[in-house]
Amino acid sequence: MFKNFLKASLAIFLLIFVFLLGLTVGEEQDFRKTITDGKVIINKNALKENSGNSIDFNLFWEVWDIIQNNYVDGPVPNEQLFYGALAGEVASLGDPYSIFLDPEISKEFERELSSEFEGIGAEIGIKNKMLIVISPLPDSPAEKAGLKSGDKIYKIDGKEAVHLTLNEAVSLIRGDAGTKVVLTVFREGEDSEIDIEIIRNKIHFDTVKWEIKNNNILYVEISHFNYDTEELFNKMANENLNKNISGIILDLRGNPGGFLDVAVDIAGKWIRKGDVVVMEKFSETNKLYHRSDGRGEFAGIPTIVLINEGSASASEIIAGALQDYNLATLLGEKTFGKGSVQDLRSLSDGSKIKITIAKWLTPKERAIDMEGIEPDIEIELTDEDYNNDRDTQLDKALEILRK
């Protein structure tokens with residue numbers, strides 16, 4: 001009986017083994033059929049199975065095949081079509097700040113956040129469906145060529161920019177040092193568009209600069225909130241806290257933003273520990289309060305914050321918070337109004353997705369997005385001021401603090 005049982009068990013085992021082996025071989029053969037050239041693995045069956053009842057992914061592959069079989073300049077690399085499809089998926093949200101970054105652009109993005117990259121040295125965004133210059137960096141090729149905050153970019157090297165995504169525009173504007181790009185811009189007050197020729201260069205900049213003005217007034221300029229900003233700002237604070245400073249001018253003009261935690265830490269030099277710096281609103285019932293962990297060392301020193309239409313995101317967070325707590329006077333022009341929160345996630349192949357997940361509100365729950373922050377004292381820096389190297393906003397701030 002034992003021998004008969006053993007034979008039967010072996011027979012069953014062999015049947016199961018052959019079945020599993022056939023299943024595995026079949027899956028392996030099917031898997032091999034899905035591999036295409038390059039790094040992209042396309043499993044059409046998997047996409048169809050996971051597409052749900054309301055979407056027929058056959059249409060996706062129909063378009064794919066039409067492009068590959070009929071496009072005049074084809075064949076198109078599968079990798080290009082694949083990443084283009086992912087970019088289009090994110091672009092379908094209609095949000096200019098939600099973008100997909102392929103591995104190459106992702107590396108450039110990382111270099112920019114580290115305060116060193118190649119290009120023209122300008123931050124751009126989309127406002128009212130127009131590509132707009134948020135700010136050129138100080139001493140950058142863009143600034144030297146005459147590009148200004150608020151310039152609306154109409155063409156890039158002759159190509160219309162009106163319907164470009166932010167990602168596409170950045171790709172066209174960036175390039176190797178020594179190469180040229182021509183931006184055609186509309187500027188308020190001008191009768192026609194202006195062609196601005198810019199020679200790209202390697203860009204490196206310190207995000208925090210400071211000096212002592214007359215009457216012991218500390219002037220601090222922050223151009224970005226990047227990796228090095230907090231360290232540089234703390235160095236500035238340590239050097240000047242014991243100098244009997246009579247006033248502080250915090251210049252956030254043309255600062256397009258950066259890392260939230262850096263902005264919150266810097267705000268802590270004025271806002272005391274435990275007080276809200278900014279509220280992150282995910283929904284009506286889901287809100288996150290970012291509180292100061294600082295000591296408010298500068299809270300008792302008269303402070304003026306300089307802002308303009310190039311001040312965005314983290315700059316608006318600091319300006320709005322100091323204004324809400326009456327810790328500073330805002331002087332200049334209304335800020336850009338970029339008050340949405342992006343979550344930057346790294347993907348498995350080195351690409352990234354940046355997607356809007358929330359909105360910023362000031363401590364008094366004032367909306368920043370699309371609204372901007374209004375100055376307490378409005379002073380416009382005119383083209384005449386700019387062309388004659390006059391800074392009427394800084395001059396007014398110095399005048400107020402000297403009284």
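The model is predicted, so local features need pLDDT of at least 70 and side-chain atom pairs count only at pLDDT 80 or more, while totals for chains, interfaces and linings use all residues. Residues are numbered from 1 along each chain as its sequence is written, and side-chain values use heavy atoms, with hydrogens and water left out.

Helices (H or I, at least four residues) and strands (E, at least two) are DSSP runs, numbered from the N terminus. Helix α8 covers residues 229–240, which makes 12 residues. The expected span of a helix is 1.5 Å times one less than its number of residues.

Which residues of α8 are buried? They are T229, L232, F233, M236, A237 and N240. Seen down the axis of α8, these residues fall within an arc of 140°, so they line one face of the helix. The arc is that of the directions from the helix axis to the C-beta atoms. An α-helix has 3.6 residues a turn, so residues three or four places apart point the same way. On the other side of α8, E231 and N238 are exposed. Buried means under 20% relative accessible area, exposed over 50%, and partly exposed in between (1.4 Å probe, protein chains only). The buried residues of α8 pack against β10 (208–213), β11 (217–222) and α9 (260–267), where contact means heavy atoms within 4.5 Å.

Strands β10 and β11 belong to an open sheet of 6 strands, in the order β10-β11-β12-β15-β16-β19, with mixed pairing. Two strands pair if DSSP finds at least two bridges between them. Strands β10 and β19 (377–378) stand at the edges with a single partner strand each, so one side of each is left without a neighbour in the sheet. Helix α8 packs on this sheet, touching β10 and β11, and its direction makes about 20° with that of β10. Helix α10 (residues 314–324) lies across β12 (247–251), β15 (303–307) and β16, and runs at about 145° to β15. Axes are lines fitted to C-alpha atoms, for helices over the stretch in contact, and angles run from 0 to 180 degrees between N-to-C directions.

G332 stands opposite E378 in β19. I377 is also placed in β19 and is partly exposed, with a relative accessible area of 28%. Leaving aside residues up to four places away in sequence, I377 touches T329, L330, L331, G332 and I400.

Side chains of opposite charge can pair when their charged atoms come close. A salt bridge is a side-chain nitrogen of Lys or Arg within 4 Å of a carboxyl oxygen of Asp or Glu. The whole structure holds 14 salt bridges. One of them joins K213 and E211 (3.4 Å, N to O). K213 is partly exposed at 22% relative accessibility, as is E211 at 40%. In another, the closest N and O atoms of E374 and K334 are 3.8 Å apart. E374 lies in the loop between β18 (352–361) and β19, and K334 in the loop between β16 and β17 (340–346), so the pair ties together parts that are 40 residues apart in sequence. R345 and D343 form a salt bridge with closest N and O atoms 2.6 Å apart, and R345 is exposed at 53%. Salt bridges that share partners join D251, R253 and D391 into one network.
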